[in-house]
Amino acid sequence: MLGALAEHGAPRTVSQIARAMGLTRQSVQRVADDLRGAGLIVLLTNPDHARSKLMSMTPAGQDAYAEALRRQAPWVAGLAAGLSAQDVAAAIRVLSTVAGRLDADPSTLPEQ
């Protein structure tokens, strides 16, 4: 969730994060409550909807996210070791196609 907030670069609602991540609002709300309890996010007034607060990272949340990225970098480098740019481009094409098919109306998929 911190990554979703960081990626957007602006406060987001629980519902917006849930849609962006393909999760239920309830599951995102549980994580938001935990992050808030840990001091990693704060809730802000939403000018567009009084009952739907906006979530924003605190400085501690920003630090935690930066540390997660720092720790993830060697793991990502290890995954990518030995892969050419062509390998990565092919993987992106295949995964994009599969993701599109998963999101598509099942009636539009090729017959088996």
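Arg 70 and Glu 67 are three residues apart in helix 4 (residues 59-80), so about one helical turn separates them. (Helices, H or I over at least four residues, and strands, E over at least two, are DSSP runs numbered from the N terminus.) The model is a predicted one, in which local features need pLDDT of at least 70 and side-chain atom pairs count only at pLDDT 80 or more, while totals for chains, interfaces and linings use all residues. Residues are numbered from 1 along each chain as its sequence is written, and side-chain values use heavy atoms, leaving out hydrogens and water.

Arg 70 and Glu 67 form a salt bridge, and their closest N and O atoms are 2.5 Å apart. (The term requires a side-chain nitrogen of Lys or Arg within 4 Å of a carboxyl oxygen of Asp or Glu.) The structure holds two such salt bridges. In the other, Arg 71 pairs with Glu 67, with 2.8 Å between the closest N and O atoms. Arg 71 and Glu 67 are likewise both in helix 4, four residues apart, again about one turn of the helix. Through shared partners, Glu 67, Arg 70 and Arg 71 are joined by salt bridges into one network.

Glu 67 counts as partly exposed, its relative accessibility being 28%. (Buried means under 20% relative accessible area, exposed over 50%, and partly exposed in between, with a 1.4 Å probe and protein chains only.)

Helix 3 shows another arrangement. This helix covers residues 25-37, 13 residues in total, and spans 18 Å from its first C-alpha to its last, close to the 18 Å expected at 1.5 Å a residue (1.5 Å times one less than the number of residues). Val 28, Ala 32 and Leu 35 are buried in helix 3. These residues cover an arc of only 60 degrees around the axis, which puts them on the same side of helix 3 (the arc is that of the directions from the axis to the C-beta atoms). On the other side, Arg 30, Asp 34 and Gly 37 are exposed.

What covers the buried residues of helix 3? The cover includes helix 1 (2-8), helix 2 (14-21), strand 2 (41-44) and strand 3 (54-57). Leaving aside residues up to four places away in sequence, Ala 32 touches Met 1, Val 14, Ile 41 and Met 55 (contact means heavy atoms within 4.5 Å). The C-alpha atoms of Ala 32 and Leu 43 are 9.4 Å apart, with the two residues 11 apart along the chain. After helix 3 comes Gly 39, which has a positive phi, near 80 degrees.

Finally, the whole protein chain can be considered. The chain has five helices and three strands, and its elements run α-β-α-α-β-β-α-α from the N terminus on. Buried residues make up 20% of the 112 residues. The C-alpha atoms fill a box of roughly 45 × 40 × 20 Å along the principal axes. Among contacts between residues at least 6 apart in sequence, 41% join residues at least 24 apart.
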